[in-house]
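Reader: I am new to this structure. Please pick one part, look at it closely, and then lead me from there to the rest.

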Amino acid sequence: MPVISRLLSIPLRIAEIAFAAVVAGIIGHYLASFDSIDPWPQARWIYTEVISGLSILLGLIWLIPFSSGFFAWPFDVLISFAWFAAFGILVDAIKQLPCGSIWSWSFRGDAVCARWKAAEAFSFLSAIVWLVSALIGIWFTFRKRDSAAATTTPRRRWGGARKTEAVAAV
């Protein structure tokens, strides 16, 4: 069964990298073009850029198919929550634009609205993919722990002899 989790993990990591790269490109474009605006929106966008960069880095590191990458599921959950926060930041920013509903992800029409909605959509998808990756890591970790516990012999307490060995010695 570890083959299935490894086969699922690689496309998920590639999707994490791709989604983060799309969001980083869109938000980076806006950060480069709007250098004289209020610092508060820039702080939100910088947060999104940092999460994108961190996602790209961790996705590349954990793309290498070692079983230790499955034990990084707490970081996957943390990055997923960070992506949900970035999605909330983008939703809050798009409410000020005349782009319609935040859940209407049609990318046609106004270029500004289409870019914002693309960044919003890919940040949401990235959060979901990181969460699925965490769930696979949790499944792999606890399945691995259960199978290891079933195959090992019971441990002795504090390194002492078992009762049967101690009685036989007396």
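Author: Start with Ile61, which sits in helix α2 (residues 39-61). Helices here are DSSP runs of H or I with at least four residues, strands are runs of E with at least two, and both are numbered from the N terminus. The model is predicted, so local features need a pLDDT of at least 70 and side-chain atom pairs count only at pLDDT 80 or more, while totals for chains, interfaces and linings use all residues. Residues are numbered from 1 along each chain as its sequence is written, and side-chain values use heavy atoms, without hydrogens or water.

Together with Leu54 and Leu57, Ile61 makes a nonpolar surface patch of about 250 Å². A patch takes residues with over 30% relative accessible area and no salt bridge; nonpolar side chains (Val, Leu, Ile, Met, Phe, Trp, Tyr) are joined within 5 Å, like charges within 9 Å. Areas come from the Shrake-Rupley method with a 1.4 Å probe, and for residues only the protein chains shown count as cover.

Now step back to the whole chain. The protein chain has five helices and zero strands. From the N terminus, the order is α-α-α-α-α. Of its 170 residues, 35% count as buried. The accessible surface comes to about 10300 Å², and carbon and sulfur atoms hold 70% of that. Among contacts with a separation of 6 or more, 73% join residues 24 or more positions apart.

Next, go inside. In soluble globular proteins, nonpolar side chains tend to be buried together. The largest nonpolar core holds 24 residues, and Ile27, Trp45, Trp83, Trp116 and Trp130 touch the most other members. Helices α1, α2, α3 and α4 each supply at least two residues of this core. Helix α3 gives the largest share, seven residues. A nonpolar core is a set of buried Ala, Val, Leu, Ile, Met, Phe, Trp, Tyr and Cys residues joined through side-chain atoms within 4.5 Å. Beyond four places in sequence, Ile27 touches Trp45, Thr48, Glu49, Leu90, Trp116 and Ala119. Another core lies apart from the largest one; it has five residues, including Ala15, Phe19, Val129 and Ile136.

Helix α3 (residues 73-94) also holds Ser80. Ser80 counts as buried because its relative accessibility is 0%. Neighbours within four places aside, Ser80 is in contact with Ala127, Trp130 and Leu131.

Aromatic rings come next. The structure holds seven aromatic pairs. The rings of Tyr30 and Trp116 are stacked, because their centres are 5.2 Å apart and their planes meet at 15°. This pair joins distant parts of the chain: Tyr30 is in helix α1 (residues 2-33) and Trp116 in helix α4 (residues 111-151), 86 residues apart. Rings of Phe, Tyr and Trp (its six-membered ring) pair if their centres lie within 6.5 Å; planes under 30 degrees apart are stacked, over 60 edge-to-face, and the rest tilted. Both Tyr30 and Trp116 are buried. Ring pairs also bring in Trp45, so that Tyr30, Trp45 and Trp116 form a cluster.

Charges are the last stop. The whole structure has three salt bridges, each a side-chain nitrogen of Lys or Arg within 4 Å of a carboxyl oxygen of Asp or Glu. Glu16 meets Arg13 in one of them, at 3.1 Å from N to O. Both lie in helix α1, three residues apart, about one turn. Glu16 is buried, since its relative accessible area is 0%. Arg13 counts as buried at 3% relative accessibility. Arg13 also bridges to Asp76, with the closest N and O atoms 3.1 Å apart. That link runs from helix α1 to helix α3, across 63 residues. Asp76 is buried at 1%.

Asp92 pairs with Arg44, with the closest N and O atoms 2.7 Å apart. Asp92 is in helix α3 and Arg44 in helix α2, 48 residues apart. Asp92 is partly exposed at 27% relative accessible area, whereas Arg44 counts as buried at 17%. That returns us to helix α2, the helix of Ile61.

Technical notes:
Buried < 20%, exposed > 50% of the residue type's maximum accessible area, 1.4 Å probe, protein only. Contact = heavy atoms within 4.5 Å.
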